[in-house]
Amino acid sequence: MTTLNNKVAVVTGASKGIGAGIARVFARQGASVVLAARGADVLDLAAELRAEGCEATGVQCDVTDPRDCKRLARTAVESYGRIDILDCNAGICRLGNFLDENDSWRDAHVNVNINGVWNACKSVIPEIVRAGGGAVVITSSVTGDLVADPGEAAYAMTKAALVGLTKALAREFADRNVRVNCICPGYIRTPLVEGMAEQSDPDNPERAIDEIARAVPLGRLGTPEECGQLCAFLASDDASYITGAQVVIDGGSTLPETTSMGQ
Ligand code: NAI
């Protein structure tokens, strides 16, 4: 079984949703985890993990601010001596019509989803190199490089960019023993997706969730912990020959359908 014993991990966007799932799995697999997110709720999750006997520290950090990301890296090194793993998960998604939205819509996505990952990588990768190597995992999406729907222009553009960043960093840091991979989730049940369901069917958001689930071959949404398990594998020594990969975790929702009657 994958284990992260004796590893030090930094996880961004860790206060809720997928990031909280990643932080929980990392901590329960024995990593010392530094959880970062904008809100103070990240401190509560760190406290909850400590109460379970895990090593966890919460840091309020806005990944769009490079100084915050430097402080995050410093805190991790001061707390646990080094950093082995960076999981760049913080991200936003707001649907909009391309012709109606103004440029602040695009800028908000670029700032968090691209620049935020860039800032975290710039601050933390030097520490991973100093530690002798390790792993970076980036949360992209099936949206962008693989599929896209109307209303997703800003989001899709930024998530596709993360696939390119993953491959370029994998190449650039391979000689320093830093592996870089990304995960591409489909629908994962998080506050983000629950908010979208509420928007699309305010009277009965569960109906909207059920509709999503019906379109997924496995018949349900994924869980943050399932994403956490995948990230833990990619971050672990079990994945020692995997770098530059884009791993889809979507219950089969991006599988092409066939119209060829089984031929
Ligand atoms: P969420 O909205 O439930 O949680 C987002 C987390 O990111 C929170 O902890 C929030 O504090 C943090 N965050 C947002 N902006 C930040 C900033 N500027 N600085 C620091 N932290 C910040 O979202 P969810 O669903 O958990 O998504 C997490 C990641 O997974 C995002 O990158 C999202 O694009 C991606 N994703 C989610 C999917 C889903 O179905 N939920 C599908 C594919 C990708």
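User: What makes T190 count as buried or exposed?

Analyst: This is a predicted model, in which local features need pLDDT of at least 70, side-chain atom pairs count only at pLDDT 80 or more, and totals for chains, interfaces and linings use all residues. Residues are numbered from 1 along each chain as its sequence is written, and side-chain values use heavy atoms, with hydrogens and water left out. T190 has a relative accessible area of 8%. Buried means under 20%, exposed over 50%, and partly exposed in between, with a 1.4 Å probe and protein chains only. T190 is therefore buried.

User: Where does T190 lie, and what is T190 in contact with?

Analyst: T190 sits in the loop between β6 (178-185) and α6 (191-200). Helices are DSSP runs of H or I with at least four residues, strands are runs of E with at least two, and both are numbered from the N terminus. Neighbours within four places in sequence aside, T190 contacts G17, I18 and P224. Contact means heavy atoms within 4.5 Å.

User: Why does H109 count as buried?

Analyst: The relative accessibility of H109 is 1%, so H109 counts as buried. H109 belongs to helix α4. H109 touches I92, C93, R94, I114, A154, Y155 and T158, not counting residues up to four places away in sequence.

User: Why are α3 and α4 called roughly parallel?

Analyst: Helix α3 (residues 66-80) and helix α4 (residues 103-130) pack at about 30 degrees, with axes 8 Å apart. Axes are lines fitted to C-alpha atoms, for helices over the stretch in contact, and angles run from 0 to 180 degrees between N-to-C directions. Under 35 degrees counts as roughly parallel, over 145 as roughly antiparallel, 65 to 115 as roughly perpendicular, and the rest as oblique. So α3 and α4 are roughly parallel.

User: Which residues make the contact between α3 and α4?

Analyst: P66, C69, K70, A73 and V77 come from α3, and N119, A120, S123, V124 and E127 from α4.

User: What puts the buried residues of α2 on the same side?

Analyst: Helix α2 (residues 41-51) has V42, L45, A46 and L49 as its buried residues. They cover an arc of only 100 degrees around the axis, which puts them on the same side of α2. The arc is that of the directions from the helix axis to the C-beta atoms. D44 and A51 are exposed on the other side of α2.

User: What do the buried residues of α2 pack against?

Analyst: Their partners are α1 (17-28), β2 (32-37) and β3 (55-60). Just after α2, G53 takes a positive phi of about 100 degrees.
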